[in-house]
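Here are my notes on the model you sent over.

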Amino acid sequence: MRPTPVNLRRAALYFFLILLAAVQLFPLVWLADFSLMRDGDLFGPGFLRLPNPPQWINYAKAWTAGRIPVYLFNSILVVTASVVVSGLVSFAAAYACTRMRWKARGLVYSLILLGMTIPIHTTLLPNFIWFNFFGLINTRIGVIIPYVAFTISFNTLVFSGFMENLPRSVEESAFMDGAGLLRILSSIVAPMCSGAWVTVGVISFLNCWNEFIMANTFIASEKLRTLPFSIINFEGQYSSQYAAQFACMTLIALPPIVLFFIFNRWVMSGVTAGSVKG
C-alpha cells in the first residue's frame, strides 16, 4: 500500500518539528552536560560527552560563589510582584476596553497595544533620569515599574481575546441580582478567564526572570540584585571555573523551564485565544 500525499506531508511536518525541537533543546542539554564536567575536560573534542564521574561539586560552587540564595530571593520577590501587578492592571484594562462601552475605549486600547512595539531597553536613559529624580534608583520598585509597564500590553491582548468570547448574559444576570462591578469581576469574569491568568502569569514570569540589562542599570546594591547577576560573581578569582559557571547558568534556567513545561497547554491556548477574536 503506497502512502498517500497527505500522509507524506504529515510525516514531513513531524520530521521538521522533531528536528526543530532538537535544535532548540540542544543548547540546554549541552549546558547541563558541561555543568557536570571538570574544568579541564571542557576543551576536548566533541560537543557532548558523558561526565565520568559527574562533578556535582560544580553546583555547590555555583550555589555559594554565585550567591544564588540571596539573588534567588530577590528575583522571586521582584518577579512575583511584577506578575501580580501586571496581571491585575491588564485584567482591568481588558475588561474596560472589551466589555464596557465608552467613547475613547478604542483609542485607549490601541495606545495600550502600542506598547508592544517599544523595546524595553530603549527607555533605559529616560527611566533612569526619572527614577533618579524620584529616588527609585537602587530599589526593587525601580525594577518592578518597568517590568509591569512592558508586560501590560501583551497581557491586555490575551485577556481581551478571552473576554471577547465570554457570554454577556451571565454578567447581566448577576447585575440584575444586585451584584456590583467588583463582585462580578472577582466571582464571574476572573474565574472564566482562568486560562488567560495562567498564560499571562507564565509569559510575564519568563520575561521578568531572564531580564538583566534593566536590573543592572537600576540596581547597584549587592543585597538587592537578582538571579542573573550570579554569573557576574564568577569574575576574578572564579573566572577559570567554567564548569561551575555552566552549573550556575543551569540553575538560573531551570525554574522557567519547569514552569513552562507544567503550564504549556494553558499558555498555548491563551496565546491562541489572544490572537484570534470573534
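One definition before the points: helices are DSSP runs of H or I with at least four residues, numbered from the N terminus. Keep in mind that this is a predicted model.

1. **The largest pocket.** Start here, with about 270 Å³ of space. Its lining takes in 18 residues, and those nearest the centre are Ile120, Tyr147, Phe150, Thr151 and Asn207. Two elements, helix 6 (141–163) and helix 9, each give at least two residues to that lining. Helix 6 has the largest share, with 7 residues.

2. Which elements give two or more residues to its lining? They are helix 1 and helix 11, and helix 11 has the largest share, with 5 residues. Among the lining residues are Gln24, Leu25 and Leu28, along with Ala253, Pro256, Ile257, Phe260 and Phe261. Leu206, Asn210 and Asn264 belong to the lining too. If you are thinking about charges, the lining has none: the residues divide into 8 nonpolar, 3 polar and no charged.

3. **The cavity.** Helix 3 (68–98) and helix 9 each contribute at least two of the lining residues. By type, the lining holds 5 nonpolar, 2 polar and 1 charged.

4. The whole structure contains 15 aromatic pairs. One of them is Trp30 with Phe246, an edge-to-face pair at 5.2 Å centre to centre and 80° between the planes. Trp30 sits in helix 1 (residues 5–34) and Phe246 in helix 11 (residues 242–262), so this pair ties together parts 216 residues apart in sequence. Are the two partners buried or exposed? Trp30 counts as partly exposed because its relative accessibility is 27%, whereas Phe246, at 16%, counts as buried. Ring pairs also bring in Phe34, giving a cluster of Trp30, Phe34 and Phe246.

5. **A tilted pair.** Phe212 and Phe229 also form an aromatic pair, this one tilted, with 5.1 Å centre to centre and 55° between the planes. Phe212 is in the loop between helix 9 (194–209) and helix 10 (213–218), while Phe229 is in the loop between helix 10 and helix 11, 17 residues apart. What about accessibility for Phe229? It is buried, at a relative accessible area of 0%. Phe212 counts as partly exposed, at 27% relative accessibility.

6. **A buried arginine.** Have a look at Arg99, in the loop between helix 3 and helix 4 (105–114). Its relative accessible area is 8%, so Arg99 is buried, the cut-off being under 20%. Which backbone atom lies 2.6 Å from a polar atom of the Arg99 side chain? It is the backbone oxygen of Met163. Leaving aside residues up to four places away in sequence, Arg99 touches Ala94, Met163, Leu166, Pro167, Arg168 and Glu171.

7. **Two positive phi values.** Most residues other than glycine have a negative phi. Arg67, however, has a positive phi, near 50°. It lies in the loop between helix 2 (57–65) and helix 3, and it is partly exposed, with a relative accessible area of 33%. Asn138 has a positive phi as well, near 65°. Its place is the loop between helix 5 (124–133) and helix 6, and at 28% relative accessibility Asn138 counts as partly exposed.

Technical notes: Residues numbered from 1 in each chain as written. Predicted model: local features only at pLDDT ≥ 70, side-chain atom pairs only at ≥ 80, totals over all residues. Heavy atoms only, no water. Phe/Tyr/Trp six-rings, centres within 6.5 Å; stacked < 30°, edge-to-face > 60°. Buried < 20%, exposed > 50% of the residue type's maximum accessible area, 1.4 Å probe, protein only. Nonpolar A, V, L, I, M, F, W, Y, C, P; charged D, E, K, R; others polar. 1 Å grid on protein atoms, 1.4 Å probe; cavity = no way out; pocket = protein on both sides within 12 Å on 5 of 7 lines; lining within 4 Å. Points joined across faces, edges and corners; volume = space filled by probe spheres on them. Polar contact = N/O pair within 3.5 Å; in protein donor to acceptor, adjacent residues only side chain to side chain. Contact = heavy atoms within 4.5 Å.
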